[in-house]
Amino acid sequence: MARDSCTTRVAVGAAMGGAVGGAVGAVYGTYEAVRYKIPGAMKIRHIGQTTLGSAAFFGLFLAAGSLIHCGKSY
C-alpha cells in the first residue's frame with residue numbers, strides 16, 4: 001500500500017479522531033460522573049461508555065472528512 005493512498009489517509013483520520021474523541025470523552029465522562037455523584041462501579045462504567053461513544057463519534061467524522069478530502073490535491 002502506498003504511503004499516501006486514500007485508505008491510509010482514512011485510517012489515520014479515524015485513528016486520530018478516535019484518540020482525540022477518547023481523550024475528550026474521558027475528561028467529560030469524569031466531570032459528569034463527579035458532578036452527578038454517580039455511585040461506585042457505575043462511575044467507571046459511565047466514564048467508559050462516554051469515552052468509547054465519543055471516540056467512535058469523532059473517529060467516524062474525521063474518517064469521513066479524510067475520505068471527502070481524499071480526491072483533492074493541494
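**Reading the terms off the model**

Q: How many aromatic pairs does a search of the whole structure find?
A: The search of this predicted model finds 3 aromatic pairs.

Q: Why is the pair of Phe-57 and Phe-58 called edge-to-face?
A: A pair of aromatic rings is described by the distance of the centres and the angle of the planes. The ring centres of Phe-57 and Phe-58 are 6.4 Å apart, and rings pair if their centres lie within 6.5 Å. The planes stand at 75 degrees, and angles over 60 count as edge-to-face. The pair is therefore edge-to-face.

Q: Which residues form one aromatic cluster?
A: The cluster is made of Phe-57, Phe-58 and Phe-61.

Q: What makes Phe-58 partly exposed?
A: Phe-58, which is found in helix H2, has a relative accessible area of 35%. Buried means under 20% and exposed over 50%, so Phe-58 falls in between and is partly exposed.

Q: Where does Ala-15 lie, and how far is Ala-15 from Phe-58 in sequence and in space?
A: Ala-15 lies in helix H1. Ala-15 and Phe-58 are 43 residues apart in sequence, and their C-alpha atoms are 9.4 Å apart in space. From Ala-15 to Thr-50 there are 35 residues in sequence and 17 Å in space, C-alpha to C-alpha.

Q: Is Ala-15 buried, partly exposed or exposed?
A: The relative accessible area of Ala-15 is 48%. Exposed begins over 50% and buried ends under 20%, so Ala-15 is partly exposed.

Q: How do you know that H1 and H2 are roughly antiparallel?
A: Two packed helices are described by the angle between their axes and the distance between the axes. The axes of H1 (residues 6-35) and H2 (residues 40-68) come within 6 Å and cross at roughly 150 degrees. Angles over 145 count as roughly antiparallel, so H1 and H2 are roughly antiparallel to each other. The residues of this contact divide into 14 nonpolar, 14 polar and 3 charged. The crossing of H1 with H2 is right-handed.

Q: What makes Lys-37 exposed?
A: Lys-37 sits in the loop between H1 and H2. Its relative accessibility is 71%, and exposed means over 50%, so Lys-37 counts as exposed. Lys-37 also has a positive phi of about 55 degrees, although it is not a glycine.

Q: Why is Cys-70 called buried?
A: Cys-70 is found in the segment after H2. The relative accessibility of Cys-70 is 18%, and buried means under 20%, so Cys-70 counts as buried. Cys-70 and Arg-9 are 61 residues apart in sequence and 7.3 Å apart in space, C-alpha to C-alpha.

Q: Where does UniProt place the feature "transmembrane region"?
A: The unreviewed UniProt entry places this feature at residues 12-31 and 51-70.

Q: What is the share of helix and strand over residues 12-31 and over residues 51-70?
A: Residues 12-31 are 100% helix and 0% strand, with the end C-alpha atoms 29 Å apart. Residues 51-70 are 90% helix and 0% strand, with the end C-alpha atoms 28 Å apart.

Terms used:
Residues numbered from 1 in each chain as written. Predicted model: local features only at pLDDT ≥ 70, side-chain atom pairs only at ≥ 80, totals over all residues. Heavy atoms only, no water. Axes fitted to C-alpha atoms, helices over the stretch in contact; angles between N-to-C directions. Helix = DSSP H or I, 4+ residues; strand = E, 2+ residues; numbered from the N terminus. Parallel < 35°, antiparallel > 145°, perpendicular 65-115°, else oblique. Left-handed = near helix turned anticlockwise from the far one by under 90°. Nonpolar A, V, L, I, M, F, W, Y, C, P; charged D, E, K, R; others polar. Phe/Tyr/Trp six-rings, centres within 6.5 Å; stacked < 30°, edge-to-face > 60°. Buried < 20%, exposed > 50% of the residue type's maximum accessible area, 1.4 Å probe, protein only. UniProt positions renumbered as here; feature names shortened; annotations may be inferred.
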